[in-house]
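Subject: Structure for you to look at

Hello,

Here is the structure I said I would pass on. Please open it beside this message and follow the residues as they come up.

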Amino acid sequence: MVSDGAALTREAVLTALEAVKDPEIPTVSVVDLGLIYEVRVNGDEVEVDFAPTFVGCPALHVMEREIVERIQALGARRVQVRRVYRPPWTADRMNERARQALRELGIAPPRPVPAEITLAVFERLPCPFCGSTDTRMENLFGPTSCRALFYCNACQQPFEAFKPL
Amino acid sequence: MASPFPKPNETVALPDPLREAVGELLLAMADDEVLLGHRDSEWVGHAPILEADIAMASIAQDEIGHAVLWYSLLQELGWPDPDRMAYFRDPPEFRNATLVELPKGDWAFTIVRQFLFDFAEKVRLEALMASAWAPLAEAAAKVRREETYHLMHSRAWVLRLGDATEESHRRMQAALEQAWPHALGLFEPTPGESLRVAEGIQPPEAELRARWEAEVRPILEAASLRVPEAEPVYGGRHGRHTEHLDALLADFQMVARSGLGETW
């Protein structure tokens, strides 16, 4: 698949990857989540360093496949996605656009991640619906590895929160 | 064709016999995680409360994901791919500690086993973060962060059930007496250990066990549980398993081995 011949550059690749979403959080891109550590372009070959949030996330394969397809659509002949663990991904890598998109989905974005994660990171977490901090954690585990379950006492809505990692 | 790219995190090739020695360690870690993940998944739809059901599903997924990571490192060292490792080996080829193959038992046994395993994994990962083999050190650091949530979960359940009611205490104590000797088997010496220690890959298993006991004993004591005096159950790390592994693998490997060549 060859595009209109526009230059295959690092910037073009990063722009294209903004269309690759986490299928379990379908309005947030892999770029905004901070999962793309590096893009190397060499002629018509591209290599992407991709960091998992949670290692067991079943959406990793879906995202990797779409990364390859989007870059091939730019005219790349060979695309390789490498999983990297150094430095480990943390929620601090998410940008403000990702945080806002999470709130709109009813998922509280994580606070700055402390060196050692304790239950304190979940205390008085602002509700993504009404903003109240009169909230409580109901379950450390949720519908995906990266989410925990909460309840807002103010607006009486259950909500989810992205876990700090 | 060779890649034209620099490889910042490229796997550092290991010469034999160190390659085989590191492989033994990875195999033990991967087999522990994939089987415990399977046992945890047996609770999906059956846990005592919905919140616990969700937690076990999530923990099972994490453990199996970690197994894939360790199997992937093995693959880089020359072993077959993760699916082949998980689904096409027979019981004597598995190097898991017997702790993880035991049936899921009651909720108390599941919690006690998970607690003992999670803390064993914690001390192992923290040690491996300083491993001389960079790919292992990096992966250990990544998995250690995720394990934080498992540790919070299993510790909280042990403290809650240890002395909640007479029945919960009785069941937790019985679970601990059953699980403890098998948990000691997590630190069974494996082939190549002295070489791994000499090369800075890992500290001695005996040292890991001492660190683990220093972590779990105070929590068990706070939960009013008494650690039994017991000899370790060894053998798992050398392929000698209980009959429960046969039944587990028959279930776990059935679809992959049905020979239909399915693709997803």
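In helix 1 of chain A, the residues Val13(A), Ala16(A) and Leu17(A) meet Ile67(A), Arg70(A) and Ile71(A) of helix 2 of chain A. Sorted by class, this contact between helix 1 and helix 2 of chain A has 5 nonpolar residues, 1 charged residue and no polar ones. Please keep in mind throughout that the model is predicted.

How do the two helices lie relative to each other? Two packed helices are described by the angle between their axes and by the distance between those axes. In chain A, helix 1 covers residues 10–17 and helix 2 covers residues 60–72; their axes come within 9 Å and cross at roughly 130 degrees. An angle over 145 degrees would count as roughly antiparallel, and 65 to 115 as roughly perpendicular. Helix 1 and helix 2 of chain A are therefore oblique to each other. Their crossing is right-handed.

Now chain A as a whole. Its secondary structure comes to 3 helices and 9 strands. Along the sequence, the order in chain A is α-β-β-β-β-α-β-α-β-β-β-β. The C-alpha atoms of chain A fill a box of roughly 55 × 30 × 25 Å along the principal axes. Chain A has 165 residues, and 39% of them are buried. Of the contacts in chain A with a separation of 6 or more, 55% are between residues 24 or more positions apart.

How many residues do the domains bring into contact? In chain A, 7 residues of domain 1 are in contact with 4 residues of domain 2. The side of domain 1 of chain A that touches domain 2 consists of 3 nonpolar, 3 polar and 1 charged residues.

Next, the contact between the chains. Here 22 residues of chain A are in contact with 24 residues of chain B. On the chain A side, strand 3 (36–42), strand 4 (45–50) and strand 7 (135–139) each supply at least two residues. By class, that side of chain A has 11 nonpolar, 5 polar and 6 charged residues.

Leu69(B) sits in helix 2 of chain B, which runs over residues 50–76. Is Leu69(B) buried or exposed? A residue counts as buried if 20 or more other C-beta atoms lie within 10 Å of its own. Leu69(B) has 24 within that distance, so Leu69(B) is buried. Leaving out residues up to four places away in sequence, Leu69(B) touches Val55(A), Ala139(B) and Val143(B). Leu69(B) and Val143(B) are 74 residues apart along the chain, and their C-alpha atoms are separated by 9.3 Å.

The axes of helix 2 of chain B and helix 5 of chain B (residues 134–162) come within 11 Å and cross at roughly 170 degrees. That makes helix 2 of chain B roughly antiparallel to helix 5 of chain B. Among the residues that meet there are Ile59(B), His66(B) and Leu69(B) from helix 2 of chain B, and Ala139(B), Val143(B) and His150(B) from helix 5 of chain B. This contact divides into 8 nonpolar, 3 polar and 2 charged residues.

Regards

How values were computed:
Residues are numbered from 1 along each chain as its sequence is written. Chains are lettered from A and ligands numbered from 1 in the order in which they are written. This is a predicted model: local features need pLDDT of at least 70, side-chain atom pairs count only at pLDDT 80 or more; totals for chains, interfaces and linings use all residues. Axes are lines fitted to C-alpha atoms, for helices over the stretch in contact, and angles run from 0 to 180 degrees between N-to-C directions. Helices (H or I, at least four residues) and strands (E, at least two) are DSSP runs, numbered from the N terminus. Angles under 35 degrees count as roughly parallel, over 145 as roughly antiparallel, 65 to 115 as roughly perpendicular and the rest as oblique. A crossing is left-handed if the near helix is turned anticlockwise from the far one by less than a right angle, and right-handed if clockwise. Two residues are in contact if their C-beta atoms, placed from the backbone, lie within 7 Å. Ala, Val, Leu, Ile, Met, Phe, Trp, Tyr, Cys and Pro count as nonpolar, Asp, Glu, Lys and Arg as charged, and the others, Gly among them, as polar. A residue is buried if 20 or more other C-beta atoms lie within 10 Å of its own, exposed if 12 or fewer, and partly exposed in between; C-beta atoms are placed from the backbone.
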